[in-house]
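Visitor: Can you take me through this one? I'm new to reading structures.

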Amino acid sequence: MREALNEAKAARRRGEVPVGAVLVNPAKKEIVARSGNAPITLDDPTAHAEILAIRDAGYKSKNYRLKGLVLYVTLEPCVMCAGAISHSRISRVVYGASDPKGGAVDSGLRFFDHETCHHKPDRIGGILADECGQLLKDFFRARRVRPKKT
């Protein structure tokens, strides 16, 4: 999760919402792919950290199935990302901060609990949740700051 936090911090420096993702192959104890949010940078609304990491891992492995991999992400994945996680057959999702408004793993839609979901990864939430959440809170607080009138 620390590596995912590093990716989130890099996204913040680019002016993106600070979310980071890292895909790990636990059998080989190696990071397969990593990314931070980049919808603004790439002019692509689908360029969430999870999607970019999944694309990179598929490209590197020359396979769209990512069985056995673990996704670490600093924020609970949204519906779009949950769908990509399911389709890619990622084995486990580990996330930091919950997202009551946009999350779809343990909040909101609870995508993986639907009977129509073909692949349901193991999931663990709340890992370094305070640190992951604080990064987001600080980012949005800074954007809301308005200059004082003199």
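Guide: Two strands pair if DSSP finds at least two bridges between them. Strands (E, at least two residues) and helices (H or I, at least four) are DSSP runs, numbered from the N terminus. This is a predicted model, where local features need pLDDT of at least 70, side-chain atom pairs count only at pLDDT 80 or more, and totals for chains, interfaces and linings use all residues. Residues are numbered from 1 along each chain as its sequence is written, and side-chain values use heavy atoms, with hydrogens and water left out.

Visitor: OK, what is the bridge partner of Leu-23 in strand 3?

Guide: Leu-71. Strand 1 (residues 20-25) pairs with strand 3 in the antiparallel sense, over four bridges.

Visitor: And how many bridges join strand 3 to strand 4?

Guide: Five, and those two strands run parallel. Val-70, for example, has Arg-92 of strand 4 as its bridge partner.

Visitor: Is strand 3 largely enclosed or exposed?

Guide: Strand 3 (residues 70-75) is largely enclosed by the rest of the structure, because five of its six residues are buried (under 20% relative accessible area, with a 1.4 Å probe and protein chains only).

Visitor: At roughly what angle do the axes of helix 3 and helix 4 cross?

Guide: Roughly 25°, and the axes come within 9 Å. That makes helix 3 roughly parallel to helix 4, a term for angles under 35 degrees.

Note on methods. Axes are lines fitted to C-alpha atoms, for helices over the stretch in contact, and angles run from 0 to 180 degrees between N-to-C directions. Angles under 35 degrees count as roughly parallel, over 145 as roughly antiparallel, 65 to 115 as roughly perpendicular and the rest as oblique. Buried means under 20% relative accessible area, exposed over 50%, partly exposed in between (1.4 Å probe, protein chains only).
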